[in-house]
Amino acid sequence: MVNLETMSLRLTKRDQDMFDGAHGPAVRMAMSILVRMAKVYAAEQLMDISAAHIDSTIYIGEAGLEFAERLAGFGAKVAVPTTLNVSGLDEHHWQEWSVPEDWARNAHRQMIAYQSMGCIPTWTCAPYQTELKPKFGQQIAWGESNAIIFANSVLGARTERYPDLLDICCAITGRVPAVGLHLAENRAGEILINLTDIPPEIQIDDSFYPVLGHLIGKIAQDRIPVVNGLQVRPGEDQLKALGAAAASSGAVALFHIPGVTPEAPTLKAAFQDRQPIRTIDLSMQDLRVARRELTSADGDRLDMVVLGSPHFSLAEFKQLAPLLEGRHAYPDVRLLVTSSRAMVHLAKKAGCLDALESFGGKVTVDTCILATPMLPPGVKALMTNSAKYAYYAPGLLGTQVTFGSLSDCVRSAIEGRVVRDETLWRD
Amino acid sequence: MSAEPLSFWGGYNHKTGEITDRRHPLSGTIASGRVLALPFTRGSSTTTAVLLEAVRAGTAPAAILTTAVDSFFALASIVADEMYGMPIPIIVISREDSAALQNGDKLDIRENGFIYVNS
């Protein structure tokens with residue numbers, strides 16, 4: 001058993017002042033929570049951060065709102081540049097959907113509370129695809145599981161896996177417990193995952209990365225996996241899909257891919273010259289099983305295709321547009337893309353939204369289908385190319401879900417029923 | 001109790017106390033007022049917020065036992081204490097002790113962290 005009382009956490013004079021209330025009640029409340037958590041993390045000291053990303057923006061209920069409004073009411077201000085994750089509401093378009101008014105009111109109050117603390121209203125779960133993305137080696141306090149894994153793995157920034165409510169305490173104090181992934185020695189790979197007989201044509205398919213991520217999360221759980229044997233170089237959105245999947249099925253906060261991610265120029269470097277604690281070979285058969293697990297639906301019924309978890313990037317809008325060109329969604333089948341205001345603005349300027357609109361598709365910003373009750377009651381059968389949507393939709397929304405590639409999703413929206421190209425995945 | 005980790009976001013209904021992750025062995029179980037034993041949380045960083053809502057709504061487990069320090073659960077208890085003076089016990093036990101527990105065991109959890117089973 002961990003005895004908190006016997007552990008030694010050394011506070012600086014400034015930390016102690018914040019703890020004692022010399023910097024006001026908001027800082028005192030944030031520091032009190034941070035110090036108690038530092039003891040849970042068995043930290044010996046706190047350290048500085050230079051950016052934060054707040055996941056506490058997601059409206060769940062009264063308690064989270066009371067927490068935000070208590071801090072805001074105390075006059076809380078963030079001490080470092082701080083981006084905001086998705087909220088519980090598409091601020092300007094929620095009336096177009098089935099969002100209840102009292103939900104909208106509360107979710108909006110929560111948005112205002114966090115904005116009043118001086119945070120940047122990015123309202124996105126992909127802050128790493130904005131100009132505010134952190135740099136290699138930067139110490140940050142990020143919430144949102146997919147953002148955490150991307151920042152650590154793909155950018156080489158350093159964050160622990162911060163839970164909601166603690167992220168804002170770190171942002172207000174500018175301090176974090178000096179433990180875990182903030183320290184270089186804790187960032188070495190632990191589990192070696194070898195891809196054995198995965199054909200290159202699967203490795204260039206966009207559904208490979210969410211499936212692989214889902215599998216890696218289950219294998220690695222809360223360890224640091226090193227994925228060895230990729231024959232193609234994954235792009236940013238493919239790494240984003242892999243990370244989001246691994247951070248849903250597991251508690252993975254960092255992965256390495258030798259030759260691809262910045263802390264793994266070589267396999268040896270990925271493990272910091274240590275031996276893996278476990279080595280696992282993944283075969284095509286393992287991938288097929290993982291792909292099947294992402295589908296909960298058993299028929300071909302389709303009510304809605306949903307894309308954009310994590311939030312759709314400009315590159316993804318560009319990939320989607322030509323697939324929709326000159327086509328129309330089947331009557332009563334919806335196509336929804338979730339993204340950020342900034343990314344939708346860029347997509348519009350790039351001319352990628354016209355095809356989506358004439359197809360009959362819609363865009364939702366600031367939030368996603370998991371964070372706001374926007375889906376009409378009749379929507380029971382979803383299809384998506386996102387492992388994260390596929391993972392959470394059945395539990396959070398009570399819907400059935402089918403996982404497929406981007407082109408499977410578009411084709412299904414056109415035909416009005418689930419269709420998947422099984423050529424690559426067949427036994 | 002289960003040897004499978006659980007995300008409370010998408011896995012725990014704070015209005016009813018039901019475990020709703022349909023891939024989880026405890027799916028459908030009402031955990032409110034009972035002791036929940038899990039290895040640790042998986043996935044979403046929103047687990048803390050969901051547990052805090054459950055504490056406020058009176059649908060939280062009576063205590064949570066984990067086999068590794070789980071900061072997400074610990075934080076929910078700390079914030080529940082700061083906000084409402086209602087912390088819930090979050091206790092780390094060994095894997096061996098966890099394996100010896102059975103569904104339906106009656107646990108007596110003391111302030112000092114000692115747990116007595118069926119005593």
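Colleague: What is the order of the strands in the open sheet of three strands in chain A?

Modeller: This is a predicted model, in which local features need pLDDT of at least 70, side-chain atom pairs count only at pLDDT 80 or more, and totals for chains, interfaces and linings use all residues. Residues are numbered from 1 along each chain as its sequence is written, while chains are lettered from A and ligands numbered from 1 in the order in which they are written. Strands are DSSP runs of E with at least two residues, helices are runs of H or I with at least four, and both are numbered from the N terminus; two strands pair if DSSP finds at least two bridges between them. With parallel pairing, the order in chain A is S3-S2-S4.

Colleague: Which strands of chain A stand at the edges?

Modeller: Strand S2 (residues 52-54) of chain A pairs with S4(A) in the parallel sense over two bridges, and Ala52(A) stands opposite Ala141(A) in S4(A). Each edge strand has a single partner strand, so one side of each is left without a neighbour in the sheet; these are strand S3 (82-84) and strand S4 (141-142) of chain A.

Colleague: Which helix of chain A packs on the sheet, touching S2, S3 and S4?

Modeller: Its direction makes about 145 degrees with that of S2(A), where axes are lines fitted to C-alpha atoms, for helices over the stretch in contact, and angles run from 0 to 180 degrees between N-to-C directions. Contact requires that the C-beta atoms of two residues, placed from the backbone, lie within 7 Å. The helix is H6 (residues 166-173) of chain A.

Colleague: At roughly what angle do the axes of helix H3 and helix H4 of chain A cross?

Modeller: The axes of H3 (residues 62-73) and H4 (residues 101-116) of chain A come within 9 Å. Among the residues making this contact are Gly64(A) and Leu65(A) of H3(A) and Asn106(A) and Arg109(A) of H4(A). The crossing angle is roughly 35 degrees.

Colleague: Which helix of chain A gives the most to the side that touches chain B?

Modeller: The contact takes 39 residues from chain A and 32 residues from chain B. Helices H2 (25-40), H3, H9 (236-249) and H15 (387-397) of chain A each supply at least two residues of that side of chain A. With six residues, the helix that gives the most is H2(A).

Colleague: What is the radius of gyration of chain A?

Modeller: The C-alpha atoms of chain A fill a box of roughly 65 × 55 × 40 Å, taken along the principal axes. The radius is taken over C-alpha atoms, and the globule rule is 2.2 Å times the number of residues to the power 0.38. For 427 residues a compact globule would have a value near 22 Å, which agrees with that of chain A, 22 Å.
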